[in-house]
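Please look over the sequence and the structure below before reading on.

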Amino acid sequence: MHEAGAEVVLVTARPPWWITDLAPAPSDVAICCNGAVVWDLHEQRALEEYALEPAAAARIVAALRDRAPGVAFACELAAGAIREPAYVPLWPSPDMHPRRDALEIVAAPVFKLVAQHPELTQLDLYELALELCGEEATVTYSGEQLVEISAAGVTKAFALAAHCAELGIRPEEVVAFGDMPNDVPMLKFAGLGVAVANAHPDALAAADEVTASNDEDGVAVVLERFL
């Protein structure tokens with residue numbers, strides 16, 4: 001909240017081309033791909049990009065293939081999502097571009113590298129990615145089965161903090177809502193971090209407050225106190 005009123009920002013793991021219809025009506029920008037892209041919702045263009053650079057991405061792809069044979073990748077980039085031949089989407093959706101090997105895709109900067117494995121659990125793949133990425137990239141997860149890899153230091157909190165600083169909004173004036181591990185840095189950054197009741201345990205532990213579940217309009221319950 002600030003003197004001009006409330007700035008409503010959708011902060012999501014989803015890419016820009018998925019969120020136009022989801023963004024709240026008052027929003028001017030959305031923070032997408034776990035902080036890798038700040039997107040102008042009116043002009044449909046990137047205002048800021050924090051991409052995973054080719055050298056880092058290629059090393060990570062090679063290291064995961066070596067330690068977890070069978071791993072498959074998809075990448076989010078400015079032109080849309082590109083998947084490897086073995087990558088299985090979580091829900092049926094057409095390919096945006098012809099499928100290619102991940103090392104070909106990451107020859108250019110990507111917003112986010114997504115990994116999945118046919119046998120490893122999500123937690124096992126996440127812990128392996130954390131080990132292999134080290135300080136070279138940021139690892140998190142939100143949806144089922146997938147592990148998400150971004151440039152070092154790039155999180156939802158990183159991009160939201162930069163956006164707030166540009167608008168003159170102090171962290172203590174920020175109210176943030178989340179439910180998954182990729183929301184944890186943002187919940188800690190905000191003056192009031194709120195998790196919904198059915199959130200992941202990591203999000204619940206990071207939050208200042210727990211509201212009703214998303215099925216019970218938990219976000220609206222909190223917003224009514226401010227708006």
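How many salt bridges does the structure hold? In this model, which is a predicted one, the structure holds 13 salt bridges.

**Salt bridges**

- Side chains of opposite charge can pair when their charged atoms come close.
- Arg-65 and Asp-101 join their side chains in a salt bridge, with a distance of 2.9 Å from N to O. This pair links distant parts of the chain, since Arg-65 belongs to helix α1 whereas Asp-101 lies in the loop between β6 (80-83) and α2 (102-105), 36 residues apart.
- Arg-65 has a relative accessible area of 26%, and is therefore partly exposed, while Asp-101, with a relative accessible area of 29%, is partly exposed as well.
- A network of salt bridges links Arg-65 and Asp-101 with Glu-84.
- Between the side chains of Lys-112 and Glu-148 there is a salt bridge of 3.2 Å, N to O. This pair, too, links distant parts of the chain, with Lys-112 in strand β7 and Glu-148 in strand β9, 36 residues apart.
- Are Lys-112 and Glu-148 buried or exposed? Both Lys-112 and Glu-148 are buried.
- Arg-170 and Glu-172 form a salt bridge whose closest N and O atoms are 2.8 Å apart. Glu-172 is exposed, because its relative accessible area is 52%, which is over the 50% cut-off, whereas Arg-170, at 45% relative accessibility, counts as partly exposed.

**A sheet of four strands**

- The strands of an open sheet follow the order β1-β2-β3-β4, and their pairing is mixed. Because β1 (10-11) and β4 (45-49) stand at the edges and have a single partner strand each, one side of each is left without a neighbour in the sheet.
- Strand β1 pairs with strand β2 (residues 29-32) in the parallel sense, over two bridges, and Ile-31 in β2 is the bridge partner of Val-11.
- Helix α4 (residues 156-167) packs on the sheet, where it touches β1, β2 and β3 (37-40), and the direction of α4 makes about 155° with that of β2.

**Helix α3 and its buried side**

- Which residues of α3 are buried? The buried residues of α3 are Leu-125, Tyr-126, Leu-128, Ala-129, Leu-132 and Cys-133. Because they cover an arc of only 165° around the axis, they are on the same side of α3.
- These buried residues of α3 pack against α1 (54-67), β7 (112-116), β8 (137-140) and β9 (147-151).
- Gly-134 follows α3, and the phi of Gly-134 is positive, near 55°.

- Ala-203 has its place in helix α6 (residues 201-206), and Ala-203 is buried because its relative accessible area is 0%, with the cut-off for buried being under 20%.
- If neighbours within four places in sequence are left aside, Ala-203 is in contact with Asp-179, Met-180, Val-184, Leu-187 and Ala-195.
- Ala-203 and Leu-167 are 36 residues apart in sequence, and from C-alpha to C-alpha they are 26 Å apart in space.

Key: Residues numbered from 1 in each chain as written. Predicted model: local features only at pLDDT ≥ 70, side-chain atom pairs only at ≥ 80, totals over all residues. Heavy atoms only, no water. Pairing = 2+ DSSP bridges. Contact = heavy atoms within 4.5 Å. Axes fitted to C-alpha atoms, helices over the stretch in contact; angles between N-to-C directions. Buried < 20%, exposed > 50% of the residue type's maximum accessible area, 1.4 Å probe, protein only. Arc of directions from axis to C-beta. Salt bridge = Lys/Arg side-chain N within 4 Å of Asp/Glu carboxyl O.
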